[in-house]
Amino acid sequence: MSRHQISVHKGRKDFACDECEKKFVKKSNLLKHQRTVHEGRKDHACDKCEKKFGAVCNLLYYQKTIHEGRKDYACDKCEKKFGQKSDLLEHQRAVHEGRRDFACDKCEKKFGVKSNLPSHQRTAHKGRKDYECSKCEKKFGQKQNLLQHQKTVHEGRKDFACNECKKKFTQKLYLLLHLKTVHESHKDNSCDKCDEKFGKKSDFLNHQRTVHEDHRDFACDKCEKKFGSKFNVWKHQKTVHEGRKDYLCDKCEKKYSSKSDLFRHQRTVHEGRKGYACDNQLIPKMYESYVSVNLAFNQSTAHTRYLRSAHEVNKGN
């Protein structure tokens, strides 16, 4: 029987690695796996840069896509292009067909891209973070997250600009989400417990968990304060315990601990905007105890506090 029949039609993989559970159809593939994965050998160097690879095919792919900039396989359903046909087919299956064929055997999570499954298992179930930033102490489970962190945090790059306004983004995903929620006013995730709507499903789920279920699952290890998200813990530690103010106004010398505070300062102080207007002006005097002029608010918190107090009083009349 031919090797093709054994491997394809019978599904046999007779060559097992004695250092892990991986199996191979051909002995040459087993040897290549042991050489590159377990021995860490990278015998194939790029002649255009210092990067090295364990396999010739990976070197050729890298040179074609990175140095020559070639992406020969275009998706006919969107504008995305790929360097390999297999990546295009995987993209179409996962994104356009919505298939999640790769299931984790330790939890219920499923993935559309095969490489995302071992990455998930490594970081979520084994707690591994193998990629450390050389400029700070932060560690990542995936190399792409490390590169993204270095590009956006340490280099300050925002390569994706909105053509409707001047706002720039670190990732194309955030730009598309901004266009959808801000300029197209799409907020497809409605809370069934209040009138709040969200453009991002993650924001919607976080809202339900923290506001309606009052979940505070993330605790600060420096004090007893608890938060609804890991991001809020990090922000709290950065501003309260470290006293950091990383956002500098380019129009004056004032510094802020969060980007939203900087933007609010620029809007209200330098642009003179007061962006929160009340359409129910039944209790104008109550407003004076919250901010300043003509039922227009320069802080969302003041606006919310006023609305809650004013409209509750009005309900009682």
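The expected span of a helix is 1.5 Å times one less than its number of residues. With that in hand, let's take a walk through this predicted model.

**Helix 7 and its surroundings**

Helix 7 covers residues 172-183, which makes 12 residues. From its first C-alpha to its last it reaches 16 Å, close to the expected 16 Å. Four of its residues, Leu175, His178, Leu179 and Thr181, are buried. What do the buried residues of helix 7 pack against? Their partners are strand 11 (160-161) and strand 12 (168-169). An α-helix has 3.6 residues a turn, so residues three or four places apart point the same way. Just after helix 7 comes Ser185, which takes a positive phi of about 55 degrees.

**Two residues to look at**

Now for a pair of single positions elsewhere in the chain. Is Thr65 buried or exposed? Thr65 counts as buried because its relative accessibility is 14%, under the 20% cut-off. This residue belongs to helix 3 (residues 56-67). Leaving aside residues up to four places away in sequence, Thr65 touches Arg70 and Gly83.

Asp250 sits in the loop that links strand 17 (247-248) and strand 18 (255-256). Its relative accessible area of 65% is over the 50% cut-off, so Asp250 is exposed. Along the chain, Asp250 and Gln266 are 16 residues apart, and their C-alpha atoms are separated by 9.2 Å.

Here are the two residues side by side:

| Residue | Relative accessible area | State |
|---|---|---|
| Thr65 | 14% | Thr65: buried |
| Asp250 | 65% | Asp250: exposed |

Key
Residues numbered from 1 in each chain as written. Predicted model: local features only at pLDDT ≥ 70, side-chain atom pairs only at ≥ 80, totals over all residues. Heavy atoms only, no water. Helix = DSSP H or I, 4+ residues; strand = E, 2+ residues; numbered from the N terminus. Buried < 20%, exposed > 50% of the residue type's maximum accessible area, 1.4 Å probe, protein only. Contact = heavy atoms within 4.5 Å.
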